[in-house]
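My notes follow the display.

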Amino acid sequence: MDRRRNARRFLIGFALAASLALAAASPLGAAAELPLRAARWLPQERQAHALTHEPTECLSLSADAQTAHRLAIGRAAFRTPLLLGGQAARAGLSCNSCHRNGRGNPDFQFRGFSGAPGTADVTSSLMSSHRGDGRHNPTPIPDLSGPAQLLKVPRDPANRALETFIRGLIVEEFDGPEPSRLTLDSVASYVRMLSPGACPSTPVQPTRLANAIADARAAAQAAGYALDAKEPATARLMLASARTALGTINERYAAAALAHDRQRLREADRELAAIQNAIDLRKPDVASRIAAWLAKVPRWAEPLARDEPLSLFNPEQLAAAAAH
């Protein structure tokens with residue numbers, strides 16, 4: 001891909017990241033009672049639990065720095081809609097939407113893409129111009145952390161079958177952009193390190209502000225790892241993932257009394273957007289700007305933590321919002 005096409009893709013990515021991070025566009029014009037993007041692919045009767053709880057992550061960590069960095073990149077890419085592109089990105093769907101924390105999602109039900117909750121049509125014409133077959137044939141969403149014998153793609157790194165499958169999913173199943181080699185290999189590394197043996201003793205955890213902040217921080221750190229590997233396209237995607245995490249926080253701080261918190265999030269998001277622009281312009285100070293952004297996280301995270309009981313992270317506040 002030549003430099004001009006790269007720049008165009010970067011600008012499209014910037015516009016999408018900005019809109020996805022701080023606005024929740026409803027897919028196909030569907031209405032939703034809650035101001036949360038994920039509510040748009042959850043049956044109303046399942047929203048209360050699904051939006052306040054999530055499966056714990058069954059991820060094996062690595063003491064090797066290079067492997068750990070690759071896992072961080074793959075994990076962050078897994079969590080941003082911009083990896084998939086196309087209609088999925090416009091709707092706000094990421095890999096993590098169907099495979100929450102690398103597991104499954106028995107509550108997922110996207111209109112025109114799912115049948116019963118927990119299913120998705122991988123040959124949907126809604127999502128793909130390559131694999132769409134014009135028929136509605138959804139299948140159960142697999143748990144990527146389940147037993148290896150239940151998964152349809154071998155995970156042996158020697159044959160790269162998993163990389164081939166993931167690339168096809170991005171480029172063909174969702175009409176997304178061609179991923180960089182580092183992005184593709186890192187997502188595959190993340191999926192390979194999901195296993196039943198790595199599952200915590202508690203299978204479910206509350207959906208909390210701290211987890212979303214940790215995701216934003218980890219994604220920004222992963223951008224630094226990508227820069228070290230001289231992969232600016234991947235670094236840009238990592239910053240998009242950090243912005244996605246900020247967006248999931250922002251929509252839960254929708255109350256009028258939390259305007260100052262939203263302003264802090266907008267400022268943090270604008271800084272990430274400016275760093276993405278600096279990557280496009282090949283500025284030499286990108287790494288130091290990422291480090292500076294990370295150093296400032298406590299400034300906005302601490303006030304948000306104090307106000308968390310007033311936000312939609314609080315199940316009582318979520319229930320009250322759903323009742324109106």
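**Ground rules.** I am reading a predicted model, where local features need pLDDT of at least 70, side-chain atom pairs count only at pLDDT 80 or more, and totals for chains, interfaces and linings use all residues. Residues are numbered from 1 along each chain as its sequence is written, and side-chain values use heavy atoms, with hydrogens and water left out. I took helices as DSSP runs (H or I, at least four residues), numbered from the N terminus.

**Helices 9 and 10.** I looked up the axes first, as lines fitted to C-alpha atoms over the stretch in contact, with angles from 0 to 180 degrees between N-to-C directions. The axes of helix 9 and helix 10 come within 10 Å and cross at roughly 170 degrees. Helix 9 is therefore roughly antiparallel to helix 10 (angles over 145 degrees count as such, and 65 to 115 as roughly perpendicular). Contact means heavy atoms within 4.5 Å. Among the residues in contact are L239 and L246 of helix 9 and L265 and L272 of helix 10. By class I found 13 nonpolar, two polar and five charged residues in this contact (Ala, Val, Leu, Ile, Met, Phe, Trp, Tyr, Cys and Pro are nonpolar, Asp, Glu, Lys and Arg charged, and the others, Gly among them, polar).

**Helices 10 and 11.** Helix 10 (residues 259–280) packs on helix 11 (residues 286–307) at about 165 degrees, with the axes 10 Å apart. This pair is therefore also roughly antiparallel.

**Helices 6 and 7.** For helix 6 (residues 161–173) and helix 7 (residues 181–192), the angle is about 115 degrees and the axes are 9 Å apart. That makes helix 6 roughly perpendicular to helix 7. I found L162, E163, I166 and R167 on the helix 6 side. The contact divides into six nonpolar, no polar and four charged residues.

**The largest pocket.** Which residues are the closest to its centre? Of the 45 lining residues, they are E54, R79, N96, N101 and D215. Helix 8 gives the largest share of the lining, six residues. Helix 3, helix 5 and helix 9 are among those that each supply at least two. By class, I noted 20 nonpolar, 14 polar and 11 charged residues in the lining. A pocket here is an open set of points on a 1 Å grid over the protein atoms alone, where a 1.4 Å probe fits, with protein on both sides within 12 Å along at least five of seven lines; lining residues have an atom within 4 Å of a point.

Notes: Angles under 35 degrees count as roughly parallel, over 145 as roughly antiparallel, 65 to 115 as roughly perpendicular and the rest as oblique.
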